[in-house]
Amino acid sequence: MMDFIMYHLPALQVVVPMLAAPICLLMMRGNLAGLVALVTGILCFIMSLLLLQQVIVSGPISYQLGGWAPPFGIEYRVDAMNAFVLVIVAATSALVLPFARRSIRAEIEPSKQALFYTVFTLCLTGLLGVTIAGDAFNVFVFLEISSLSTYVLVAMGARRDRRALTAGYTYLVMGTIGATFYVIGLGLLYQATGTLNMEDLAVRLQPLGELTSVRAGFAFIMVGLALKLAMFPIHAWLPNAYTYAPSVVSIFLAATSTKVAVYVLLRFMFTVFGYDFPVVELSLSTVFLPLALVAMFVASAVAVFQTDFKRLLAYSSVAQIGYMVLGFSMASVTGLTATMVHLFNHAAMKGVMFMVAGAVVYRVGSTAVTSFAGLGRQMPWTMAAMVVGGLSLIGVPLTVGFISKWYLILGALETGDWIIAFMIVASSLIAVIYVWRMVEMAYLTPAPEGSKPVREAPLSMLLPMWTLALVCVYFGINAELTASIGQTVAETLLNGSVDAATSIIPLDGVVEGVAP
Amino acid sequence: MEDSPILEFVLGRYNYWLVIVLMMVGLYVVVARGNLVKKLVGLNLFQVSVFLFYISVGKVTGGTAPIYVDDPNALYSNPLPHVLILTAIVVGVATLAVGLSLVIRIQRAYGTIEEDDIQAADAGRDVSPRAGGESGTSASGGAA
């Protein structure tokens, strides 16, 4: 039995949340649906940990759906990189769902709460599916499952602010254009190679680097994915979507959806095309690197002037995505390690910050920066978590943000780019400004005269918030685990992409006779 | 003109030209129209052009429909792109459904589905239909 489950883990990882979605719908009542979603989230988290452990112990897993061998059958392929991303996504959902119980009750009409959990589990299905799929077209389908549910989730904030509807609509238009660009690119690649399996594509694309249609395909895929991950000049949908979505959705999206898009981008860039592919190197140095540097400064500077805490965080996210892009555009092991580590770290710190925003919405009803006045005394634990998250955003030592920036600066110095190293430090100083603004507002500004006293956030919100805050501190002090996984991933991406492609390990013989 | 290489280049790839034109028309509608429903129409055109692209790629010259016939020399068109597009069409329909339902909710919340009027309403200014024009579109956050 245990063997059976272990063997089918890659499929179960996607199937469990997918089946949970209709069950949530049938529950009718918000509380029951929330319970189902919570159990699903925890199950997914356990499964992703098991997968990560399995991958680290015994190398990449290739799961053949229906027993059809790749490249003709559809394959789920798990290696250190996507197992790591799976853990990030599943862990976030397991932490967000207990937080969601009260927050959702306050922000969404009772009749729609069960529907909320249904869409939430569908979104989780999509994100996990994108991460695990080894087939490029399946990535598109899962990407759209997660995106479609995300549009709905964002628009569910309409009870608090009607602008959530327009934010959801804009996100839908931009997201669909991005996804369609991805499909165009994929069509061009399919035309050139006749395959959709990523490992197979990697092998067959090697000799085709000079083909214009392949290069065009690369460009389309990169632009499409850049739209999905809100890379700097095409991030316009992100601030509104994060600001007006229900608090829970902001937490979940900020911590997972852009990370998954970054993962797909890395997968295409380094596994499918390969670093030595002619256009990849060129696009890294002439497109991704400059844009990342601009994003770090411009988005941080815009964040400083925001009057809404959630919008401030959203712009800060755009800047942080800049750090991730900067990491992989260095195309060195250290740079890629920085990207992988930052994927994890940013999920943790932005999770904390948006949870703080959620708790403030729950108690105060607003996330305007001015409404934080005096909260330092009234909600001490929540504001303390905000300080921890804020220090991480800046990159102060002993928090996770420092580890990411440490690797980024190391990567820059390795290639002798003193200017880039300096810019990383300088852009962190802008983060100091916007974080300090919040701290000043919470601790040094007295609450306005005659305002009602505010109570501390309930325990069901504080526990997930502080779990993440402690993660921020723990992995800031002891980064061995995240850094070693990041380094393994970076080394396989840069050195062994083609070797790994040719050695697809068949897992037959474990459960003979189950698959048709 | 019969064997002009340029003409041959253009005509021999007519399916791609059609796809490109359709794609650009769709994208233009998305960008240029202020009506939220028209935007969705443009978005759909944009997606459909990609469907056509895949389907025309799957055609093998002289190939029959990919249904098995008892003839070893039979040449089949490639069925895979068609199957992929079947999935993509479903995705497109779902996107359109979500988009239209959002438009309905927007209509209920704002009383309009014109982008300019919505932005004016969010900026806290009076909505005077067809008056502000393009000049009012840039204000989308302040003035509240």
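I started with F475(A): at 14% relative accessibility it is buried (under 20% relative accessible area; exposed is over 50%, partly exposed in between, 1.4 Å probe, protein chains only). I then looked up Y474(A), which is partly exposed at 46%.

Housekeeping: the model is predicted, so I kept to its limits, with local features at pLDDT of at least 70, side-chain atom pairs at 80 or more, and totals for chains, interfaces and linings over all residues. Residues count from 1 along each chain as written, chains are lettered from A and ligands numbered from 1 in written order, and side-chain values use heavy atoms, leaving out hydrogens and water.

I counted Phe, Tyr and Trp rings (six-membered ring for Trp) with centres within 6.5 Å; planes under 30 degrees apart are stacked, over 60 edge-to-face, the rest tilted. Y474(A) and F475(A) sit 5.2 Å apart by ring centres with planes at 85°, so I logged them as edge-to-face.

F53(B) and Y54(B) are also edge-to-face, at 6.0 Å and 85°. Both turned out buried: F53(B) at 7%, Y54(B) at 2%. Ring pairs join these two to F137(A), F140(A) and Y16(B) in a cluster.

What did I find for the interface? I found 34 residues of chain B in contact (heavy atoms within 4.5 Å) with 30 of chain A. I also looked for salt bridges (Lys or Arg side-chain nitrogen within 4 Å of an Asp or Glu carboxyl oxygen) between chain B and chain A and got 0.
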